[in-house]
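This report describes one protein model, starting with its sheet and moving on to its helices, its core and a few single residues. Keep the structure in view while reading.

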Amino acid sequence: MPSLSRTRLALPLALALAAFGAAPGAGAATPPAQPKEGPGGQAYAAASVVKRALGRAGAVTLAYYGNGAAPAQGRPVAVMLHAWGAVNPQAYGAWIEHLARSGYLVLFPRFQEVGRTRPVDASGLAATLVKDALAELAGDQEAKPDTGRVAFIGHLAGVPLAANLAAHAKETGLPVPRLIFGAMPGGIARDDKARGIALHDLNAIDPATLIVTVIGDRDARAADIAARRVMREASAVPVDHKLMVRALSDDHGFPALSATLAAPAGGNPAYDVGQLKLPTPDPKQKPAPFKWSADMTLTGEQTVLVGQINAAGTDSLDYLAFWKTFDMAAAAAFSGQNAASLKSNPRFIDMERWSDGWPVRRLSLETPRPPAPAKPAAAGAAPPAPAAQKPSAKPAAAGRGQ
């Protein structure tokens with residue numbers, strides 16, 4: 001029979017365990033909230049967001065900007081290019097609201113109709129949508145896009161799309177972006193016949209462009225390979241204008257922070273596309289010819305990932321690993337600074353602290369290696385035959401794949 005002293009010791013322990021089991025995470029440290037001010041913070045200039053649908057049926061760009069008059073110099077433009085299959089801006093609504101209330105004009109081109117758009121046509125469609133939207137808003141004194149301050153934000157397959165748009169900006173009439181911000185790059189195809197987005201000739205990206213990619217430590221290999229490939233193929237952009245960022249998961253407290261492929265998304269029902277009145281088809285206009293191909297459909301793996309994106313909430317990774325890093329990278333790019341200004345700023349990698357004071361795992365930074373110099377030819381050796389030039393892929397004609 002247990003002694004009375006043992007019984008007295010065991011009872012509080014049992015009650016504590018029961019309470020812990022009844023409320024998972026009870027008593028655990030909580031992650032940092034959104035900063036009150038500064039990059040990634042909530043000291044917003046606008047109280048609400050204006051939401052508009054631009055374009056025509058089947059070729060719609062959604063525009064968002066803060067209520068009230070635009071600044072005299074106009075609003076910087078953030079073009080958000082969604083992951084393949086994640087066509088509802090609701091999935092990115094929290095980030096869109098942060099950008100719009102911070103002063104940006106946010107454009108969300110719906111370059112994909114799920115089950116009807118071929119990946120090979122996506123770059124051309126996106127370029128046309130963005131160009132048309134900027135033209136429609138050019139004289140709008142509330143939207144007032146400042147085309148000298150443009151950033152492209154891509155998520156997964158949206159990253160190679162952002163790179164392609166930047167590479168073709170001059171020939172398609174788009175403003176040259178000052179920043180390409182790639183969150184969890186992915187979806188890069190071997191060529192135009194493979195499933196995914198094939199990279200065009202990224203050597204055409206303007207050398208003054210700042211390129212920043214952010215990957216996580218979950219499902220990291222594919223995103224790491226894709227980020228390095230974009231950096232490598234954007235060969236005209238100098239190394240000091242490139243920066244690779246890695247966000248690290250942290251389970252010190254509850255809820256844990258998990259840097260997955262879906263982490264950049266953060267849903268907000270107020271941005272559900274169903275709440276906007278979209279352009280209706282013109283009954284006099286014949287629909288574009290349609291021919292089905294297998295790459296229009298989502299694979300089982302893509303369907304699961306899109307489900308994760310649509311269900312994603314917001315947490316410290318959003319505020320500090322994506323929103324803050326973009327805010328700081330855009331400020332650097334728009335003022336003509338290179339990646340060194342970000343690397344030297346300790347706030348850029350800081351992820352703040354759990355509620356018990358323990359630091360959240362900081363971001364890690366890496367500058368891509370410069371290309372290796374060509375080896376000198378041996379004395380007397382015949383010069384190598386010139387390599388066959390890969391033709392530059394052009395954006396698809398407007399209307400294809402719709």
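Two strands count as paired if DSSP finds at least two bridges between them. The model shown here is predicted. In strand S5, Pro-145 is the bridge partner of Arg-75. The strands concerned are S3 (residues 75–81) and S5 (residues 145–156), which pair in the parallel sense over 7 bridges.

**The sheet**

Strands of a sheet pair through backbone hydrogen bonds, either parallel or antiparallel. In this model, 9 strands form an open sheet with mixed pairing, and their order is S1-S2-S4-S3-S5-S6-S9-S10-S11. Strand S1 (49–56) and strand S11 (364–366) are the edge strands, each pairing on one side only. On average, and with direction ignored, neighbouring strands of the sheet are turned by 20° against each other.

Elsewhere in the sheet, strand S9 (residues 210–216) pairs with S10 in the parallel sense over 6 bridges. Within this pair, Ile-211 stands opposite Lys-242 in S10. Is strand S10 (residues 242–247) largely enclosed or largely open? It is largely enclosed by the rest of the structure, because 5 of its 6 residues are buried.

Two packed helices are described by the angle between their axes and the distance between the axes. For H3 and helix H4 (residues 158–167), the angle is about 60° and the axes are 10 Å apart. The crossing of H3 and H4 is right-handed. On the H3 side, the residues in contact are Ala-122, Ser-123, Ala-126 and Ala-127; they meet Leu-161, Asn-164 and Leu-165 in H4. By class, this contact has 5 nonpolar, 2 polar and no charged residues.

Lys-131 is also in helix H3. Leaving out residues up to four places away in sequence, Lys-131 touches Thr-172, Gly-173 and Leu-174. Lys-131 and Leu-174 are 43 residues apart along the chain, yet their C-alpha atoms are separated by 5.7 Å.

**The nonpolar core**

The largest nonpolar core has 109 residues, and those touching the most other members are Tyr-92, Leu-107, Leu-179, Phe-322 and Phe-326. Helix H8 (residues 316–334) gives the largest share of this core, 13 residues. Beyond its neighbours within four places in sequence, Phe-322 is in contact with several residues, including Trp-95, Phe-181, Met-184 and Val-214.

**Single residues**

Met-184 belongs to strand S6 (residues 179–185). Although Met-184 is not a glycine, its phi is positive, about 50°. Glu-352 is not a glycine either, and has a positive phi of about 65°. Glu-352 lies in the loop between helix H10 (346–349) and S11.

| Residue | Relative accessible area | Class |
|---|---|---|
| Lys-131 | 40% | partly exposed |
| Met-184 | 0% | buried |
| Glu-352 | 28% | partly exposed |

Buried means under 20% relative accessible area. Met-184 has 0% and is therefore buried.

One peptide bond also deserves mention. A cis peptide bond joins Phe-254 and Pro-255, with omega about -5°. Pro-255 is found in the loop between S10 and helix H7 (300–311).

Note on methods. Residues are numbered from 1 along each chain as its sequence is written. This is a predicted model: local features need pLDDT of at least 70, side-chain atom pairs count only at pLDDT 80 or more; totals for chains, interfaces and linings use all residues. Side-chain values use heavy atoms; hydrogens and water are left out. Helices (H or I, at least four residues) and strands (E, at least two) are DSSP runs, numbered from the N terminus. Axes are lines fitted to C-alpha atoms, for helices over the stretch in contact, and angles run from 0 to 180 degrees between N-to-C directions. A crossing is left-handed if the near helix is turned anticlockwise from the far one by less than a right angle, and right-handed if clockwise. Contact means heavy atoms within 4.5 Å. Ala, Val, Leu, Ile, Met, Phe, Trp, Tyr, Cys and Pro count as nonpolar, Asp, Glu, Lys and Arg as charged, and the others, Gly among them, as polar. A nonpolar core is a set of buried Ala, Val, Leu, Ile, Met, Phe, Trp, Tyr and Cys residues joined through side-chain atoms within 4.5 Å. Buried means under 20% relative accessible area, exposed over 50%, partly exposed in between (1.4 Å probe, protein chains only).
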